[in-house]
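Q: Could you walk me through this one, starting with a helix and then moving on to the ligand and the domains?

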Amino acid sequence: ADEPLVLGIETSCDETGVGIVRGHTLLADAVASSVDEHARFGGVVPEVASRAHLEAMVSTIERALREAGVAATDLDAVAVTAGPGLAGALLVGVSAAKAYAYALGKPLYGVNHLASHICVDQLEHGALPEPTMALLVSGGHSSLLLAPDITSDVRPLGSTIDDAAGEAFDKVARVLDLGFPGGPVIDKYAREGDPEAIAFPRGLTGPRDAPYDFSFSGLKTAVARWIEAKRNAGEEVPVRDVSASFQEAVTDVLTRKAVRACKDEGVDHLMIGGGVAANSRLRAMAEERCSAAGIRLRVPRPKLCTDNGAMVAALGAEMVARRRPTSGWDLPADSSLPV
Ligand code: KG4
Ligand code: ZN
């Protein structure tokens with residue numbers, strides 16, 4: 001095949017990810033996570049993440065190559081997340097990618113983390129139509145992005161003005177004593193709860209509010225106050241109903257704004273990515289609202305939604321295919337890299 005064979009390295013947060021793709025075909029997706037080491041702190045500790053990346057990097061690269069059954073010398077390029085993310089964590093991946101590409105004599109591509117969260121869907125559903133509309137929701141970001149060209153032109157239409165959606169899940173889980181990360185646990189309890197039990201606020205949904213921006217900190221505070229009032233009254237906190245009602249408020253706002261953006265921009269499909277895209281209610285509600293609006297929904301399987309190396313390789317392969325300029329050996333790790 002003459003489709004590019006690319007290895008991608010992702011270290012922007014707490015997952016050390018190494019993926020290998022050939023064009024739109026996923027060959028390997030090796031991930032080593034340090035999430036357990038952060039759990040007792042209730043959030044990702046940057047220093048701990050960087051050290052864990054250093055320890056896991058070489059073995060994760062070797063595991064990916066074994067899984068893909070390809071020789072490193074056959075690679076067409078090495079791609080790496082250049083930002084945004086935790087500076088020290090990014091630096092480990094960027095340094096490893098440079099060393100690896102240099103030693104192999106292969107071109108290096110620094111890629112944007114958010115763009116690669118979108119591009120990963122090519123491994124699931126084939127070539128993305130352009131322009132692409134994407135809702136990216138994770139622990140670090142919540143944005144609506146319009147991408148006329150996934151390799152070079154990704155435009156933010158709006159984003160959160162305070163907490164990210166995943167961060168809200170994590171904080172509410174903490175108030176409920178459910179552990180970290182909170183998203184998967186809340187998702188699980190919510191299935192047995194009533195989403196209409198408690199009317200929690202929908203941030204920035206008024207007629208004068210920015211149509212594509214998000215705000216979740218008011219919601220988080222409202223949930224915390226509601227729980228506190230129950231506890232002060234000596235009543236039991238209905239964890240399932242709180243989870244379901246909170247989750248309903250988040251997914252209602254996310255899907256409402258995403259569908260509106262598609263309609264306003266005349267885009268007939270919507271891609272949802274990032275860790276929160278694993279949420280079962282978000283997937284179901286997006287499916288309902290998109291189909292009612294005639295919008296085709298594209299959501300990768302949960303493992304490709306959370307941080308991984310395959311998404312970096314997917315975008316790297318697209319850059320090779322479109323003959324985009326390679327990065328120099330002085331490629332910086334940029335913690336606030338814009339899309
Ligand atoms: O994309 P990701 O793995 O890392 C970041 O770049 O942040 O996303 C992690 C976030 C966490 O906040 C986690 O609680 C959330 O995604 N998450 C979920 C679910 N699974 C993970 N949130 C809601 N429902 C889920 N099922
Ligand atoms: Zn991410």
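A: Helices here are DSSP runs of H or I with at least four residues, and strands are runs of E with at least two, numbered from the N terminus. Residues are numbered from 1 along each chain as its sequence is written, chains are lettered from A and ligands numbered from 1 in the order in which they are written. As this is a predicted model, local features need pLDDT of at least 70 and side-chain atom pairs count only at pLDDT 80 or more, while totals for chains, interfaces and linings use all residues.

Q: What do the buried residues of α6 pack against?
A: They pack against β6 (132–137), β7 (142–149), α7, α8 (217–232) and α9 (239–265), and among the buried ones are Gly 166, Glu 167, Phe 169 and Asp 170. Just after α6, Asp 177 takes a positive phi of about 60°.

Q: Switching to the ligand, which residues come nearest to ligand 1?
A: Of the 19 residues around ligand 1, those are Gly 139, Gly 166, Gly 183, Gly 275 and Asn 279, where a residue is near if its C-beta atom, placed from the backbone, lies within 6 Å. The elements that give two or more residues to this shell are α6 (165–175) and α7 (182–190), and α7 gives the most, with four residues.

Q: And how do the residues of that shell divide by class?
A: There are six nonpolar, ten polar and three charged residues, with Ala, Val, Leu, Ile, Met, Phe, Trp, Tyr, Cys and Pro counted as nonpolar, Asp, Glu, Lys and Arg as charged, and the others, Gly among them, as polar.

Q: What about domains, which ones does the assignment give?
A: It gives domain 1 (5–120 + 308–321) and domain 2 (132–300), with bounds from an automatic or database assignment. Their C-alpha centres lie 27 Å apart, and 14 residues of domain 1 are in contact with 19 residues of domain 2 (contact means C-beta atoms, placed from the backbone, within 7 Å). The largest share of the side of domain 1 that touches domain 2, five residues, comes from α4.

Q: Last one, how many helices and strands does the protein have?
A: The protein has twelve helices and ten strands, and 53% of its 339 residues count as buried.

Note on methods: Buried ≥ 20, exposed ≤ 12 C-beta atoms within 10 Å, placed from the backbone. Contact = placed C-beta atoms within 7 Å.
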